[in-house]
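Here is a friendly briefing to read with the structure open beside you. Take your time and find each feature as you go.

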Amino acid sequence: MYSSPTPASGSRGLASSALKSAGLIDKDARMKDVSGDRPGGRKGASKFRSHRPRPIDAFKDHHAGSSRGAGRAATAGAKNLEVRGAAARVPTVGVKIVDVWRGFVNRRWNPETRFLNLESMLDDSELSKHGLLPPGAPGSTARESSVIFKVASELKPPVQTISLANNHIGSGQLLTTLAHYLPKIANLSLQNNDLKVWRDMDNISGRKGKLEHLKELIMIGNPLREIEVKNARADKYRSEMARRFPSLVMLDQEAIATIAFDAPGPSTASVTERRATATKFPYEMKPSFITGVQESVISNFLVRYFPLFDDQRAALLDAYHSSATFSFSVNTTIPARARIQGLHTQLPNQRKLDWSVWLNGGSRNLNRLGGGAGSDKAFNSLHLGSEAAMRAMSALPKTKHEISDSPEKFCIDAWPVGQGENLKLFISLHGQFTEEPSRGIRSFDRAFVLAPAPPGSRAKLNGWDVMILSDQWCIRSYSSHDAWRPGPMRVQAGEPLPPKQLPQQQSTLATPIPPQAPGHLQEALSTFGEPQRSLVLEICKRTGLNVKFAVDCLENNAWNLDGATANFEQVKGKLSRDAFL
């Protein structure tokens, strides 16, 4: 009943002739069905790009003169053509896109309160009229937000508060230029958007010059916040936000704890106001903590262990108890401070490092393993027994620990655990190593649980005073050893704090040279780093040997203090007077 009438024979030819006579076509061309360019009205894929105006073109047109679109509009406007029965279209090509965005921003701007309301932009009728896509709309890109923020940066007085609430923003990429064009905003609302991961927030934080004056931030209604709160990690969420925005006073309409010397001011305070904020923690970093154990026990163990671990791991078999456990885990995340300092890019060999050999070699990072098949991986990555530990270690990349040459790069804490016959020694070691053959640097944490080596045990027979019961090793992306340097601790990255001049900063095991020592002894000991220096000095005290013979005695006994002392007692009658001080 409502079907279109079939055109009479020859009607297409008559229509073509009529259009040609009117000057609307230059040659005889077959007319196409207006419902599509394929039989049946099916729309074929266009080979032409969309003519939807792009914001970046608008800025080019604004500065360079009339656009190509405007030129086409002017040409078309020279001869207005009207086809009877055709639907009317709203002419938009003559309107500069930048003027549309500028008008939109000006409508949303309140200069008295310095508040820019960019909420629910998708519902704005003027933007819809011109076919513009605001940030968060399907198909929008970072170009649209760049235009808005650039226009906002021209407002007077400068914007202090901006709300981007209810815009369905699901990627921090759309906010990348916010800090560039509006670096001094004090209050920002991202309420009821779709930001899900911390990387989204890193687009507006984390580096110098990014929203350093931000006092209030609202993230309510974003999955990033709601999931953390739902899983009882609200404190972690607030801590992460405070770390990214150290100037924050209010987070999600609640005061945030800050290290400061005055009470938090209101969020509407002037952005130029300066308030006294601590740049360092109230307590200073202390030297390493060692208690309840002789330092020589730790020195002997570490000085012997790491050279063997670096060059001959199989020789460590006797140092591990037959039922000892060994595991390693990998944390590939670059620490925030290291990222800010550019350590992962500025050091010459860091780009040569490859995590795959570690990740595929049995990393026991329980946060990554998860459940199901992860349970089997967690079980298989815990190596039980000395032989299994040696096999696992031998499959890992070669390392070089400068524990003797550069002791300041390591931090050692140690204390006894248990009591009586079950007395053990816990050692926590933080430091760095060079990975071979790339020569890149990684940081690590290592925890040992040691027990005295029983007489007649394989460990004791091979010169080990202690044996390893547990060995847990965490390999991390490199971060500077300044983190445990004794002295002030900075709250956030910035200009380095002046180092505190301590009587001794060499190491937790550093032994100062006695001021009463002879000049030649002081000079000889000054060439050694820790823990070698303390061992040499101790042998000199026990035996009266000079530095040269003390070093020979220690080297011949694998730097084992007790072994060197026993060896001296055996041969002291054969030594000449030149061997003594």
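What volume does the largest cavity have? The largest cavity has a volume of about 80 Å³. Please keep in mind that this is a predicted model.

**Cavities**

- The structure contains two cavities of 30 Å³ or more.
- Sorted by class, the lining of the largest cavity has six nonpolar, three polar and two charged residues.

**Helices α20 and α21**

- Helix α20 (residues 532–543) packs with helix α21 (residues 547–555) at an angle of about 110°, and their axes are 9 Å apart.
- Because of that angle, α20 counts as roughly perpendicular to α21; the range for this label is 65 to 115 degrees.
- The way α20 passes α21 is a right-handed crossing.
- On the α20 side, the contact uses L535, V536, I539 and C540, and these meet V547, A550, V551 and L554 in α21.
- How do the residues of this contact divide by class? In the contact of α20 with α21 there are eight nonpolar residues, with no polar and no charged ones.

**Helices α4 and α6**

- Helix α4 (residues 97–107) and helix α6 (residues 142–152) pack with their axes 10 Å apart, at an angle of about 60°.
- That angle is why α4 is described as oblique to α6.
- The crossing of these two helices, α4 and α6, is right-handed.
- From α4, the residues W101, R102 and V105 take part in the contact, where they meet E144, V147, I148, V151 and A152 in α6.
- The contact of α4 with α6 has six nonpolar and two charged residues, but no polar ones.

**Helices α9 and α10**

- Helix α9 (residues 223–230) and helix α10 (residues 234–244) have axes 7 Å apart and pack at an angle of about 140°.
- Is α9 oblique or roughly antiparallel to α10? The angle makes α9 oblique to α10, since the roughly antiparallel label is for angles over 145 degrees.
- The α9 residues in the contact are L224, R225, E228 and V229, while α10 brings A234, K236, Y237 and M241.
- By class, the contact of α9 with α10 contains five nonpolar, no polar and three charged residues.

**Backbone details**

- As background, most peptide bonds are trans, and most residues other than glycine have a negative phi.
- Which residue does a cis peptide bond join to K156? The partner is P157, and omega of this bond is about -10°.
- You can find P157 in the loop between α6 and β3 (161–163).
- E436 and P437 are also joined by a cis peptide bond, with omega about 5°.
- The loop that holds P437 runs between β12 (424–435) and β13 (440–452).
- N166, a residue other than glycine, has a positive phi, near 60°.
- Look for N166 in the loop between β3 and α7 (178–181).

Terms used:
Residues are numbered from 1 along each chain as its sequence is written. This is a predicted model: local features need pLDDT of at least 70, side-chain atom pairs count only at pLDDT 80 or more; totals for chains, interfaces and linings use all residues. Side-chain values use heavy atoms; hydrogens and water are left out. Axes are lines fitted to C-alpha atoms, for helices over the stretch in contact, and angles run from 0 to 180 degrees between N-to-C directions. Helices (H or I, at least four residues) and strands (E, at least two) are DSSP runs, numbered from the N terminus. Angles under 35 degrees count as roughly parallel, over 145 as roughly antiparallel, 65 to 115 as roughly perpendicular and the rest as oblique. A crossing is left-handed if the near helix is turned anticlockwise from the far one by less than a right angle, and right-handed if clockwise. Contact means heavy atoms within 4.5 Å. Ala, Val, Leu, Ile, Met, Phe, Trp, Tyr, Cys and Pro count as nonpolar, Asp, Glu, Lys and Arg as charged, and the others, Gly among them, as polar. On a 1 Å grid over the protein atoms alone, a cavity is a set of points where a 1.4 Å probe fits but cannot get out, and a pocket is an open set with protein on both sides within 12 Å along at least five of seven lines; lining residues have an atom within 4 Å of a point. Grid points are joined across faces, edges and corners, and a volume is the space filled by probe spheres set on the points.
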